[in-house]
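Please consult the sequence and coordinates shown below while reading.

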Amino acid sequence: MGSATERDMTHEVLAQLLAERTGQDLSPSRRWRVETALSALLRESDATTIDELVAKLTSPFGCPLSSRVADALLNNETYFFRDQQVFDVLAKSALPKLIAQRQDKRRLSIWCVGCSTGQEPLSLSMLLAERAAMLDDWQINIVATDVSHRAIDVARRGVYTPFEAQRGLGIERMIRWFEEVDGRWKVSPRLLKPIRYQQHNALHAPPMGSPFDLVLCRNVLLYFDKPTRQQVFSQIAASLADDGMLLLGAGETPVGQTARFAPVKDLTGFYCLGTPDMPEARPRTAEVPARG
Amino acid sequence: MKNCLIVDDSRVIRKVSRHLLEGMGFAVTEAADGKDALAQCTAQMPDVILLDWNMPVMSGMEFLGHLREQEGGDKPRVVFCTTENDIEHIRAAIDAGADEYVMKPFDRETLHVKLQLVGMV
């Protein structure tokens, strides 16, 4: 990269591109990984520096490249059962609670926001499949969305490298739910069946399938500034069933961000609609209009 | 503090694994083949063994067979850590008494979860 001024301008263009395409904030703490994130794209687009790559964005053929640059800047870090303790709470307390609440309808609708390459919805699908006897005649729908086209393509294929497949999974689970095909690991169709993957921006109106009984939005909000986080909270609130629950990542909280969610008693990381004193008091529609 | 024995003929893998395991709070010892590992286990049984498959002198599978026959040899948790990444090898390792299986390459998250699953962290 060139001088400090050129570097700042390049980062400014990239930050603007990322914000426009995804709503995410390219904060200074994320800038250190820009060169690594774009290195493959540099090679593919015959650019030798990031300044050159940014210059190509302004050419008449820049539009598809813009999408790829924004996609490359996203952090798709994920693995199966990420934060095992959260999944323990989900398996032992939250899912049994939701299943008890839905005994009459025998239907569960779940939304995974920012599902990356599919490991989170697949972990959830595994938990539910391992309770098949209890959910035999139930309709299970998991809507899994991510702003990255590339991540959704990987998730839809459901084929992982050995490195990816084993991250977070015990070997028993891995050989039960995956099939080894030519050195790669293909997820069982049974796990993919309840999942509908969709490219979707969390700032926009919720995907089809609401009201959701459970929304997982983990390690997503940390990439947004406060007004954008409030917008996402608003969209999730509009999508959630009255007695549904929101699960956030470690270090993410609605406290100080929105009054529309309150902690669920005894379930760390889970939130319900309303305030602690008035659990049902909340409007059904989004407070802030979605960005175009 | 739990003890982990790394058994691998690659000095680089032993160095990387030691770094990761010490970061997780393990006291680490090393062996470059199954025979050396077996001698170390006879002297003092570790809590967990990170075991390569293909090694000179004595392979990981041969070592595991001998270990499980030894007095107290049923106690250490054994985590295979190998480039043998196909289902046949995985099933053979489990049948021989391995508790977990790591396919190379791996990272800290993978190793940490596997050690959690065998009750070592």
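## Strand pairing in chain B

Strand β4 of chain B and strand β5 (residues 100–103) of chain B run parallel and are joined by four bridges. Two strands count as paired if DSSP finds at least two bridges between them, and the elements themselves are DSSP runs numbered from the N terminus, with helices being H or I of at least four residues and strands E of at least two. The model is predicted, with local features requiring pLDDT of at least 70 and side-chain atom pairs counting only at pLDDT 80 or more, whereas totals for chains, interfaces and linings use all residues. Residues are numbered from 1 along each chain as its sequence is written, while chains are lettered from A and ligands numbered from 1 in the order in which they are written.

β4(B) also pairs with strand β3 (residues 48–51) of chain B, again in parallel and through four bridges. The table lists one bridge partner pair from each pairing.

A right-handed β-α-β unit is formed by β3(B), helix α3 (residues 60–69) of chain B and β4(B). Another right-handed unit consists of β4(B), helix α4 (residues 87–95) of chain B and β5(B). Right-handed here means that, with the strands pointing away from the viewer, the path from the first strand over the helix to the second runs clockwise.

Strand β4 (residues 77–82) of chain B is largely enclosed by the rest of the structure, because five of its six residues are buried. A residue is buried if 20 or more other C-beta atoms, placed from the backbone, lie within 10 Å of its own.

## Chain A

Chain A contains twelve helices and ten strands. Its radius of gyration, taken over C-alpha atoms, is 20 Å, close to the 19 Å that the globule rule gives for 292 residues, so chain A is as compact as a globular protein of that length. The globule rule is 2.2 Å times the number of residues to the power 0.38. Buried residues account for 38% of the 292 residues in chain A.

An automatic or database domain assignment divides chain A into domain 1 (4–73) and domain 2 (84–273). Their C-alpha centres lie 30 Å apart. Five residues of domain 1 of chain A are in contact with ten residues of domain 2 of chain A, contact meaning C-beta atoms, placed from the backbone, within 7 Å.

Notes. A residue is buried if 20 or more other C-beta atoms lie within 10 Å of its own, exposed if 12 or fewer, and partly exposed in between; C-beta atoms are placed from the backbone. Two residues are in contact if their C-beta atoms, placed from the backbone, lie within 7 Å.
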